[in-house]
Amino acid sequence: MKHPVLLSLAAASVAASNVQVQHRQAASQSSPASRSSAAVSLTFTLASTNPTAVPLSSITATMATVPTIPLPSTPQAGASPTAVSGAPGLPDTSTINPANYPPLDKTPPVNSPEVQAWKKEVADSGIPIPDIPPTLPGGCPANLAAAQDTSRCWWTCGGCVRSTDISDCPDKKTWGLTFDDGPGFYTPNLLEYLDSAQLRATFFTVGSRCISNPKGLQLEYLNGHQVAGHTWSHPALTTLTNDEIIAELGWTRKVMKDVLGVTPNVMRPPYGDADDRVRAIARALGMYLVMWTRLSPSATFDTDDFNVHSGMTTSAQVLNNWNSILGNASTMDHGFIVLQHDLFQETVDIATGYILPDAMKQGLQIKPVVSCLNKPMSDAYTETNDNKTNPPPVSATTVATLTAGAPGSAQATGATSKNGAIPNVAFVPSTVLVGSAMAMLFAVSSL
Ligand SMILES: *[C@@H]1O[C@H](CO)[C@@H](O)[C@H](O)[C@H]1NC(C)=O
Ligand SMILES: *[C@@H]1O[C@H](CO)[C@@H](O)[C@H](O)[C@H]1NC(C)=O
């Protein structure tokens, strides 16, 4: 499969670097350790590396683009994953017509019949949507009052989580492995490695990418990985109106159901940007949030791998971040969840060449998030969940008031008890730019 769009990256580099600046600024709120890309060397020795790893010094923003490989196998219509008990057969992807979905990489229009129906579903769910106004683009510095308002539990400014959020695994030395933003051009390389290492992960996929690459989404699911939503166009959700959030989540849920035959019941908000309004809308649409572990403003479990592609950090710094994550994890009495991406060749090379071999050698139990919670894979999807060990977000008996301070959360540990630790770096100055630049990067090689 050729990817002319990727090869013409140079043409899109200005727009693309805007995406990356914004993504980095968002990430930098949670990983201030990784600012400089100037000569960074490893501060520790990895327990193991992959013998076929790309040399670390070659994993840079300017590395030659490696040709993509095909998916390790091609999912067939009617197949169903053995890991998901009760799963229906896979739909035929030839029935997925992009013309039946909104334009890629933009927040979908809110006046469509689909969004109108999902608005009614939210209204009928019985879950109250708090009257919190959208935030302004620019993150905490642009929203000082909102950032100090602990009642809205805005993760971005202070790391607040609710008991309904999943941000840790319960068992020590257990890692809920996650990859965001795919399925992408290098996802096949990652899938091939995970298969060979007998590892399974959770993929938070972007709805627009599921249109670009439905077979990639199917193979993730068929091979025993958990798949879950990551919005339609990757916006900072707290900046959107209720209707726009409904459109972002509703279309992602729909394309995943159309491609897989099942509906994920968790999602990850891009940049971790969620407050009680976003939480309530997600729950009303049947989804809990999955974050990544955060002990304090400086100790978030973010590898910052996203920023190698743009040159804003180095592969060595990403591994140093990984080492800090492991150090922090060793002080906790429970397991953890880390932020990584399957979007770029660099992020996949670092994961498969270094981080995963190291983690396996260290004896970590590496699992999809639903498995690290000691739940069966069938609990990850609305249609296959028996609702016993994993009560669905919406049901007559489980509509509960959100409560602060989940065990292991930043609030419970008191690490950010002021909730006003406002990073001095802005994030996502323009969601429009993110959307259009993402569109330039991906505009659809496989349509
Ligand atoms: C925890 O993470 C922080 C920030 O990355 C790092 O400075 C610190 O050394 C880590 N702690 C341990 C015990 O490794
Ligand atoms: C679980 O709950 C969902 C509603 O969230 C419902 O659609 C589904 O039928 C339930 N499953 C079972 C096995 O009862």
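## Close-up views of a predicted model

View 1. S3 pairs with S2 in the parallel sense, and the pairing runs over 3 bridges. Within that pairing, threonine 178 has threonine 202 of S3 as its bridge partner.

**View 2. The loop between strand S2 and helix H5.** The loop that links S2 to H5 contains aspartate 181, and proline 183 also has its place in the loop between strand S2 (178-180) and helix H5 (187-196). Aspartate 181 has a positive phi of about 90°, although it is not a glycine. Is this aspartate 181 buried or exposed? Aspartate 181 is buried, because 24 other C-beta atoms lie within 10 Å, and the cut-off for that class is 20 or more. The peptide bond that leads from glycine 182 to proline 183 is cis, with an omega near -5°.

**View 3. The open sheet of strands S7, S1 and S8.** An open sheet is formed by 3 strands in the order S7-S1-S8, and the pairing is parallel. Strand S7 (336-337) and strand S8 (365-367) are the edge strands, each of which pairs on one side only. Between strand S1 (residues 174-176) and S8, the parallel pairing extends over 3 bridges, and tryptophan 175 has isoleucine 366 as its bridge partner in S8.

View 4. Lysine 173 has its place in the loop between helix H4 (144-148) and S1. The backbone of lysine 173 has a positive phi of about 60°, although this residue is not a glycine. Lysine 173 counts as partly exposed because it has 17 C-beta neighbours inside 10 Å, a count that falls between the limits of 12 or fewer for exposed and 20 or more for buried.

**View 5. Leucine 240 and its contacts.** Leucine 240 is placed in the loop between strand S4 (226-229) and H8. Because 23 C-beta neighbours lie inside 10 Å, leucine 240 counts as buried. Which residues does leucine 240 touch, not counting those up to four places away in sequence? With that exclusion, leucine 240 touches Thr107, Pro134, Pro235, Ile245 and Glu248. As for threonine 107, it stands 133 residues apart from leucine 240 along the chain, yet the C-alpha atoms of the two are separated by 9.1 Å.

**View 6. The crossing of helices H8 and H9.** Helix H8 (residues 242-260) and helix H9 (residues 276-284) have axes that come within 10 Å and cross at roughly 45°. The crossing of H8 and H9 is right-handed. On the side of H8 the contact is made by Asn242, Ile245, Ile246 and Leu249, and on the side of H9 by Val278, Ile281 and Ala282.

Key: Residues numbered from 1 in each chain as written. Chains lettered and ligands numbered in written order. Predicted model: local features only at pLDDT ≥ 70, side-chain atom pairs only at ≥ 80, totals over all residues. Axes fitted to C-alpha atoms, helices over the stretch in contact; angles between N-to-C directions. Helix = DSSP H or I, 4+ residues; strand = E, 2+ residues; numbered from the N terminus. Left-handed = near helix turned anticlockwise from the far one by under 90°. Contact = placed C-beta atoms within 7 Å. Pairing = 2+ DSSP bridges.
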